[in-house]
Amino acid sequence: MKTKIANTSSSEPSSSALILNSPVARAFAVVGDRWAGLILRDAFLGVRQFEVFRKRSGAARGTLSSRLKALVEHGVLQRHKYQETPARFEYRLTRKGLDLYSFIMAVWDWETQWSEETHIPPDLHHRGCGQTMRPEFRCSDCHAELNLREVSFHRLAKLGAPESVPARFQRRTPSSKHSKQGVDRRFFHVLDIIGDRWTGLVIAAMYFGLNRYDEIATALGIATNILSDRLKLLVTAEILEQVAYQDKPTRYKYKLTEKGAALYPIALQLHEWAIRWLFEDDQPTMGLTHTSCGSSLHSELVCSACKEPLDVHAVTFNPAYSAKS
C-alpha cells in the first residue's frame, strides 16, 4: 500500500521543515501527550472536578495539575469557582476545547476497531436518526469517505524554525498493565501509541514518505535512542512493519500497516483543529487537497447510518459507560 502524501508545492521544501512546522506538530504541542488526551476524554464525558480527573486517569497530583494548567493557558479549558469556602474550582471545555470533538471521535473510532481492550462502548447512537452508528470522516465538497492515499499537501507559508515544545511532550509515559483501582482504561491503547510528540512525528514522517532510520532521524532531529525506542514501540504495536531492503549487512525500512494507516483521521482532525485555532497571528504552513475531487480538503464528521453531520450534542452511548461524578 502506497502511503506517501504527494507534495504539490512547486518549491519543494524539505520534509524536515514540513513535518516540524506542520499544523499537526503545533497541535501536539498543546494536546499531544497521554495525560492531556485522558483529560480531554473525561472532559467530553462530563468530568469537571480535579479529584474525578485524578481518579479516572490515574495521574499523579502534580502531573494532573500541570496538564490542567497548560490546557487552561492554551484556552482549551476554563477554570470556574464552584465553592467559596474553601475555594474549589472545576474545569469546563471552552469553544476551542469543544472543537476537539471530531478528534475525540476519530480516537474512539480507531480504538473500537483496533484495540483488544473491552473498555470502549461497542456502538454509538445518533439522536438525529436513532440508529446505531460509527463516525465517518468525509470530504465536505464531494462527500467521499477520506483515506490517506487520496490526500496531498501543499505549502501555504514560509517555513521558519519550529516552535519549542515543553519537555513533558518529549517523554513517553508508559502504560501500566496493572492500573490503579477506579482508573478508566478507555483510550489507553491509542494513547500508548500517539501519547507523546516524538511517536506522533515518527508516524508523520511515514506520511511524508520517509521510511528509513537515517531519513527519519535527520528529518526530525531526534536522538538515536529515542528514535529506536519509538520505532520498536510502533512495530510491537503493529503500526509499522520492518521490510528488508538490503542484505550484507541487513538493513530495514519501515512501512505503515493497515492499522497504522487507519490512524490518519486522528492526524487529520488535529491538522484542521490547529488551522482553526493555533494560527491566529500567522498563515498556516500547510494545506491539504483531496485528490479524488481536486478540492482543498475540509473534512466533515457524519453519521455512518444517515450521513448527516454530527456535533457534540448529537451522539450518545450506553449510560453505563458515562462518566461518574
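Mentor: Helix 13 gives the largest share of the lining of the largest cavity, namely six residues. The model is predicted, so local features require pLDDT of at least 70 and side-chain atom pairs pLDDT 80 or more, while totals for chains, interfaces and linings use all residues. Residues are numbered from 1 along each chain as its sequence is written, and side-chain values use heavy atoms, without hydrogens or water.

A cavity is a set of points on a 1 Å grid over the protein atoms alone where a 1.4 Å probe fits but cannot get out, and lining residues have an atom within 4 Å of a point. Four cavities of 30 Å³ or more are counted. The lining comprises 17 nonpolar residues, three polar and no charged (Ala, Val, Leu, Ile, Met, Phe, Trp, Tyr, Cys and Pro being nonpolar, Asp, Glu, Lys and Arg charged, the others, Gly among them, polar).

Helix 13, residues 264–277, lies across strand 6 and strand 9, at about 130° to strand 9 (axes are fitted to C-alpha atoms, for helices over the stretch in contact, with angles from 0 to 180 degrees between N-to-C directions; contact means heavy atoms within 4.5 Å). These strands belong to an open antiparallel sheet of three strands in the order 6-9-10, with strand 6 (151–155) and strand 10 (295–296) at the edges. Strand 6 pairs with strand 9 (residues 286–290) over five bridges, where pairing requires at least two DSSP bridges. Histidine 154 is opposite glycine 287 in strand 9.

Helix 2, residues 23–31, is mostly covered, with nine of its nine residues buried (under 20% relative accessible area with a 1.4 Å probe, protein chains only). Val24 and Phe28 are among those buried residues.

The second largest cavity contains about 80 Å³. Its lining includes Phe28, Val31, Asp33, Phe103 and Leu270, and helix 2 and helix 8 (188–194) each supply two or more residues. By class, this lining has six nonpolar residues, three polar and one charged.

How values were computed. Helix = DSSP H or I, 4+ residues; strand = E, 2+ residues; numbered from the N terminus. Buried < 20%, exposed > 50% of the residue type's maximum accessible area, 1.4 Å probe, protein only. 1 Å grid on protein atoms, 1.4 Å probe; cavity = no way out; pocket = protein on both sides within 12 Å on 5 of 7 lines; lining within 4 Å. Points joined across faces, edges and corners; volume = space filled by probe spheres on them.
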